[in-house]
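The following questions and answers examine a predicted model. Please consult the structure shown below while reading.

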Amino acid sequence: MENETKIVKKHTPLYSIIVFLYAILVKLLFFMRIEGKENIPKDRNCVLMGNHQCILDPVTLALCTPDREIHFMGKKELFQNPVLRWIFTRVHSFPVDRGNIDMAAVRTAMNVLKNGDTLGIFPEGTRSKTGHMLPLLGGASLLALKSGCDVVPVYIDGQYKIFRPMKVYVGKPVKMDDLRAGRMNREACDQLTQRIEAAFTQLSGGKSLPAPKEAE
């Protein structure tokens, strides 16, 4: 599939209201600043990959793309609550079974990108509680390679503590043309995963790296 040449601009009422109110909230409570918005392609859709530590992370990613709405892949457990399911399905979110190879979620994600929409993914697969990123799952890299879309890393620096400044760093698209030119196999996915991890390390100034193991 070739890179999309045009993004889809939507204005979903609930999505717009949530993002608008959240933008006010984070400026007042977290003094949030976003750097690098210009790194997100303006003329085509992409895959935004962010680190994950809080349930608010998806809305934070949404602040990075005011010109479009993001479709998020979220763990299926969140959709078991009727109220949350009603909200999530109306703001372009869809479930994924993290414990298995969820081909339905993969097809949905591919269709999102094929239709010109932007996809949001948290490649760690779950929230980190250590302050450092967890190992990235290979499925996110496979999806990125197959889609033909740019991958833009977003590092959220801060813990959403009131009156504690937070920064969000948006990186440049991860280079992968050489990987797409070759065979799309496990090795290519592993190489892309390493490049994405390196991008997060650079954005975070090394904060994203796993905590050092204590000596026995």
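Q: Which residues does Lys75 touch, not counting residues up to four places away in sequence?
A: Lys75 belongs to strand E3, which covers residues 70-75. Leaving out residues up to four places away in sequence, the residues that Lys75 touches are Val96, Arg98 and Arg127.

Q: Is Lys75 buried, partly exposed or exposed?
A: The relative accessible area of Lys75 is 25%. Buried requires under 20% and exposed over 50%, with partly exposed in between. Lys75 therefore counts as partly exposed.

Q: How many Å apart in space are Lys75 and Cys189, C-alpha to C-alpha?
A: In sequence, Lys75 and Cys189 are 114 residues apart. In space, their C-alpha to C-alpha separation is 22 Å.

Q: Which side chain of opposite charge is nearest to Asp57?
A: Asp57 lies in helix H2, residues 57-63, and is buried. A salt bridge requires a side-chain nitrogen of Lys or Arg within 4 Å of a carboxyl oxygen. Asp57 has no salt bridge, and the nearest side chain of opposite charge, 6.9 Å away, is Arg127.

Q: Which strands are the edge strands of the open sheet?
A: Seven strands form this sheet with mixed pairing, in the order E1-E7-E6-E2-E5-E3-E4. Each edge strand pairs on one side only, and these are strand E1 (33-35) and strand E4 (93-96).

Q: What is the bridge partner of Asp157 in E7?
A: Strand E6 (residues 150-157) and strand E7 (residues 167-170) pair in the antiparallel sense over four bridges. Within E7, the bridge partner of Asp157 is Lys167.

Technical notes. Residues numbered from 1 in each chain as written. Predicted model: local features only at pLDDT ≥ 70, side-chain atom pairs only at ≥ 80, totals over all residues. Heavy atoms only, no water. Helix = DSSP H or I, 4+ residues; strand = E, 2+ residues; numbered from the N terminus. Buried < 20%, exposed > 50% of the residue type's maximum accessible area, 1.4 Å probe, protein only. Lys, Arg positive; Asp, Glu negative; His and termini not counted. Pairing = 2+ DSSP bridges. Contact = heavy atoms within 4.5 Å.
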